[in-house]
Amino acid sequence: MFNLILFGPPGSGKGTQSEKLIAKYGLKHLSTGDLLRYEINLQTPLGKEAQSFMDKGQLVPDEVVIGMISSALDANPNAKGFLFDGFPRTSAQANALDQLLELKKAPIVVMLALDVSEEELIKRLLKRGETSGRSDDNNENVIRARIVEYKNKTAMVADYYRKFDKVVMVKGEGTVNEIFDRLSEEIDKRA
Ligand code: ADP
């Protein structure tokens, strides 16, 4: 099983690159952002709870997202591998993921971390907000709050995987295809 984490701040291109990577490598895409938005669209209790955090640019509580990922892993017993996008976003989530993957004897092979300047992130997110219909993208204060959450709670998740020598920084600026080629090259080295 080939399990990888695509890591990076909001707006770094994780969603765009994930779509291309799962097509090329036959991985199952697990995006906590997408799973949460699905629940919000259905207006489930979980979705309603999540929305109150997302609208403020805050992270959704760990137990909510860990539960979602655990169910998604169980629902895909025959996956060739998983691409985690937007998860883990806290140290607690990283610990929980390691435990879940331990049960499957299929650890994270690599964390590919997209590196993008803050100025570029804000520009991309505001542009996405014009068309995505995502309410968390068309308000600059919410975008800044998400970047603060990233710095305070998420950036350190890379340190956790660095201890196991699993982090590779990848330049996240350039064309979509240039970035895709850089990511593919790192996966090919390890697949
Ligand atoms: P982006 O990477 O652009 O922030 P996402 O779709 O990954 O977009 O996430 C959107 C929002 O969903 C986040 O701001 C956060 O509120 C919530 N969210 C997504 N994944 C997680 C997670 N693993 N833990 C907590 N909250 C999450």
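The axes are lines fitted to C-alpha atoms, for helices over the stretch in contact, and angles run from 0 to 180 degrees between N-to-C directions. On the H5 side the contact (heavy atoms within 4.5 Å) uses Ser91, Ala94, Asn95, Leu97 and Asp98, and on the H7 side Lys153, Met156, Val157, Tyr160 and Tyr161. These residues divide into six nonpolar, two polar and two charged.

Before going on, please keep in mind that this is a predicted model, in which local features need pLDDT of at least 70, side-chain atom pairs count only at pLDDT 80 or more, and totals for chains, interfaces and linings use all residues. Residues are numbered from 1 along each chain as its sequence is written, and side-chain values use heavy atoms, with hydrogens and water left out.

Next, look at helix H1 (residues 14–25) and helix H8 (residues 176–190), whose axes come within 10 Å and cross at roughly 50°. H1 and H8 are therefore oblique to each other. Thr16, Gln17, Lys20, Leu21, Lys24 and Tyr25 of H1 make the contact with Val176, Asn177, Ile179, Phe180, Leu183, Ser184, Ile187 and Asp188 of H8. Sorted by class, this contact has seven nonpolar, four polar and three charged residues.

How are helix H2 and helix H4 oriented to each other? Helix H2 (residues 32–42) packs with helix H4 (residues 62–75) at an angle of about 100°, the axes being 11 Å apart, and the two are therefore roughly perpendicular. Here Thr32, Leu35 and Leu36 in H2 meet Val64, Val65, Met68 and Ile69 in H4. The contact of H2 with H4 has six nonpolar residues, one polar and no charged ones.

Thr32 also leads us to the ligand: of the 20 residues around the ligand, Thr32, Arg37, Gln58, Gln93 and Arg146 come nearest. A residue counts as near if one of its heavy atoms lies within 4 Å. For Arg146, an N or O atom in the side chain is 2.9 Å from an oxygen atom of the ligand. A polar side-chain atom of Arg89 lies 3.0 Å from an oxygen atom of the ligand. The backbone takes part through Val60, where a polar atom is 3.0 Å from a nitrogen atom of the ligand.

Definitions and conventions
Helices (H or I, at least four residues) and strands (E, at least two) are DSSP runs, numbered from the N terminus. Angles under 35 degrees count as roughly parallel, over 145 as roughly antiparallel, 65 to 115 as roughly perpendicular and the rest as oblique. Ala, Val, Leu, Ile, Met, Phe, Trp, Tyr, Cys and Pro count as nonpolar, Asp, Glu, Lys and Arg as charged, and the others, Gly among them, as polar. A polar contact is a pair of N or O atoms within 3.5 Å; within protein, one must be able to donate a hydrogen and the other to accept it, and residues adjacent in sequence count only if both atoms are side-chain atoms.
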